[in-house]
Amino acid sequence: MARTRKTSKEALEEKIKKAEADVIAAKKKYDQATANLKERLDKRDAIRKEEILSAVVKSGKIELF
């Protein structure tokens, strides 16, 4: 049986589908990485706020109820 050769149009369509799949996978990975970063930054900011508040209270400048 002879092997049929794909036309350039068919080959191009396949390459486009693969590129689209690659972009989708990269976007998913990017979204996960940015969510992870945001979560860690939020935790760091919360810790910093606690430290600052604690330092202000220790200094006696502000009294908490």
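How many helices and how many strands are there in the protein? There are one helix and zero strands. The model is a predicted one. The rest of this report follows that helix, its end, its salt bridges and its surface.

**The helix**

Helix α1 covers residues 8–59, which makes 52 residues. Does its span agree with that count, or disagree? At 1.5 Å a residue, α1 should span 76 Å. After α1 comes G60. The phi of G60 is positive, near 85°.

**Salt bridges**

How many salt bridges does the structure hold? It holds five. Side chains of opposite charge can pair when their charged atoms come close.

| Salt bridge | N to O distance |
|---|---|
| K18 and D22 | 3.1 Å |
| K27 and D31 | 2.9 Å |
| D42 and K38 | 2.8 Å |

Where do K18 and D22 lie? Both are in helix α1. They are four residues apart, about one turn of the helix. K27 and D31 are also in α1, and because they are four residues apart, about one helical turn separates them. For D42 and K38, the spacing in α1 is again four residues, so about one helical turn lies between them.

**Exposure of the paired residues**

Is K18 buried or exposed? Its relative accessible area is 52%, and the cut-off for exposed is over 50%, so K18 is exposed.

In the next pair, D31 has a relative accessible area of 33%, so D31 is partly exposed.

The last pair in the table has a value for each partner. K38 reaches 51% relative accessibility, so K38 counts as exposed. D42 has 40% and counts as partly exposed.

**The protein as a whole**

What share of the 65 residues of the protein counts as buried? The share is 0%. Buried here means under 20% relative accessible area. The accessible surface of the protein comes to about 6800 Å². Carbon and sulfur atoms account for 60% of that surface.

In brief, the protein has one helix and zero strands, five salt bridges, and 0% of its residues counted as buried.

Conventions. Residues are numbered from 1 along each chain as its sequence is written. This is a predicted model: local features need pLDDT of at least 70, side-chain atom pairs count only at pLDDT 80 or more; totals for chains, interfaces and linings use all residues. Side-chain values use heavy atoms; hydrogens and water are left out. Helices (H or I, at least four residues) and strands (E, at least two) are DSSP runs, numbered from the N terminus. The expected span of a helix is 1.5 Å times one less than its number of residues. A salt bridge is a side-chain nitrogen of Lys or Arg within 4 Å of a carboxyl oxygen of Asp or Glu. Buried means under 20% relative accessible area, exposed over 50%, partly exposed in between (1.4 Å probe, protein chains only). Accessible areas come from the Shrake-Rupley method with a 1.4 Å probe; for residues, only the protein chains shown count as cover.
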